[in-house]
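Open the model in your viewer and keep the selection panel at hand. The tour goes from the whole chain to single residues.

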Amino acid sequence: MPGSIPDYAPILSLLSPARLATIDRTFNIHSPIEIYGFTIWLQNAAASLYPLLQQLELILRNSIDKAAKERFGEYWWTIIRYDSTKDNHTKFIKGIRNAELTLRKRWQNREAARLGFDRPSQVTSSPLTFGHDDIIAATTFSTWEAVLLEAWHTDLNPDKHLYLWPLSLTKAFRRLSVIDHRPTEARRKVLNLLKEIRDYRNRLFHHDCIWIKSKSVDVQTAIESIREKINLIEKLIISISPATYKALDAWGLFTSARRVCSVEELRMYTHLDYPGVCEADTAVLDKLLQQTGYGKFSVPLMLKKQACIFYQLR
């Protein structure tokens with residue numbers, strides 16, 4: 001149990017003082033054991049968001065690629081037209097080129113290891129042309145944000161068949177109307193939402209605080225700012241693939257993220273005086289606890305057609 005640790009001072013001394021100060025100001029948490037409990041909750045909260053962010057990135061990439069490939073073929077980015085007078089018109093192509101560079105470096109590293117070279121630069125041969133799937137898989141999130149920029153869209157009817165947007169919008173985004181009923185405005189709004197979520201994703205992946213400081217004055221508003229991001233991710237996933245949203249919802253990923261990112265869940269890590277169990281329930285719960293191996297396993301069970309998990313928290 002957390003209370004069995006006699007002194008949390010040496011543990012907290014290895015955490016960021018600036019972050020600890022933010023916790024105190026926003027969440028009104030003071031004691032060492034509560035502060036450390038908060039940091040453990042924070043890691044669990046961030047972890048609950050990863051699957052949603054990864055699913056969003058995956059379906060965004062594959063849905064746009066699929067829609068473009070149907071019209072222009074496998075290496076569609078070499079064919080479609082873009083407006084070189086628009087801002088950041090080269091950003092998407094740079095994303096593709098960076099993906100190819102990543103693949104080339106990986107190949108050089110493998111070749112150097114195979115040939116017994118000390119450095120990848122000693123490899124003088126060139127790799128074969130990389131396949132479509134490999135290139136797409138090596139792209140970053142920002143690449144698929146970039147392809148939604150104005151440069152890849154035209155309003156000129158004679159040229160629409162040469163550009164990706166707007167003709168492929170409803171193929172890549174099956175429920176675009178949840179963003180806006182006007183396709184062009186919807187694309188622009190999707191672009192802004194993706195930038196917001198990508199910035200948030202980068203903060204998560206670099207272990208920055210996951211609540212939005214500008215919107216947070218206390219624990220309730222801090223957690224609401226996290227849940228706002230969950231709502232945005234949910235909306236974007238629905239706009240791209242309603243079928244994927246239904247699957248994620250059926251598997252409980254949104255419910256899980258909202259459960260962990262809540263005031264109630266946070267209190268489980270900062271207020272350790274849990275209520276006891278009545279004598280009548282002890283036998284049943286003790287049987288389930290034994291099945292967990294006292295913390296080694298999770299025990300799945302159905303309760304009134306609801307899938308539940310019983311496990312020992314700590």
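Here is what to select, stop by stop.

**Before you start**

This is a predicted model, in which local features need pLDDT of at least 70, side-chain atom pairs count only at pLDDT 80 or more, and totals for chains, interfaces and linings use all residues. Residues are numbered from 1 along each chain as its sequence is written, and side-chain values use heavy atoms, with hydrogens and water left out.

**Stop 1: the whole chain**

Show the cartoon. The chain has 13 helices and two strands. These are DSSP runs numbered from the N terminus: helices are H or I with at least four residues, strands are E with at least two.

Now zoom out. The C-alpha trace spans about 75 × 60 × 40 Å along its principal axes. The radius of gyration of the chain is 25 Å, while a compact globule of 314 residues would have one near 20 Å. That radius is taken over C-alpha atoms, and the globule rule is 2.2 Å times the number of residues to the power 0.38.

Buried residues make up 39% of the 314. Buried means under 20% relative accessible area, exposed over 50%, and partly exposed in between (1.4 Å probe, protein chains only).

How do contacts run along the sequence? Of those between residues at least 6 apart, 66% join residues at least 24 apart. A contact means heavy atoms within 4.5 Å.

**Stop 2: the core**

Select Trp41, Trp76, Phe92, Val147, Trp165 and Phe173. In the largest nonpolar core, which has 80 residues, these touch the most other members. Helix α3 (residues 32-72) gives this core its largest share, 16 residues. A nonpolar core is a set of buried Ala, Val, Leu, Ile, Met, Phe, Trp, Tyr and Cys residues joined through side-chain atoms within 4.5 Å.

Centre on Val147. Which residues does Val147 touch, not counting those up to four places away in sequence? They are Ile64, Trp76, Phe92, Trp152, Leu164 and Trp165.

**Stop 3: a cis bond**

Move to Trp165 and Pro166. A cis peptide bond joins the two, with omega about 15°. Pro166 sits in the loop between α6 (141-146) and α7 (169-172).

**Stop 4: Glu234**

Select helix α9 (residues 219-240), which holds Glu234. Is Glu234 buried or exposed? Glu234 is buried, at 16% relative accessible area. Show its partners next: leaving aside neighbours within four places in sequence, Glu234 is in contact with Tyr245, Phe254 and Arg258.

**Stop 5: the strands and their loop**

Select the loop between β1 (299-303) and β2 (306-310), where Lys304 is found. Lys305 is in this loop too. Lys304 has a positive phi of about 55° although it is not a glycine. Lys305, also not a glycine, has a positive phi of about 65°. Lys304 is exposed, with a relative accessible area of 78%. Lys305 is exposed as well, at 77%.

Step back to Met302 in strand β1. Met302 counts as exposed, at 57% relative accessibility. Last, draw a distance from the C-alpha of Met302 to that of Glu228. The two atoms are separated by 31 Å, and the residues are 74 apart along the chain.
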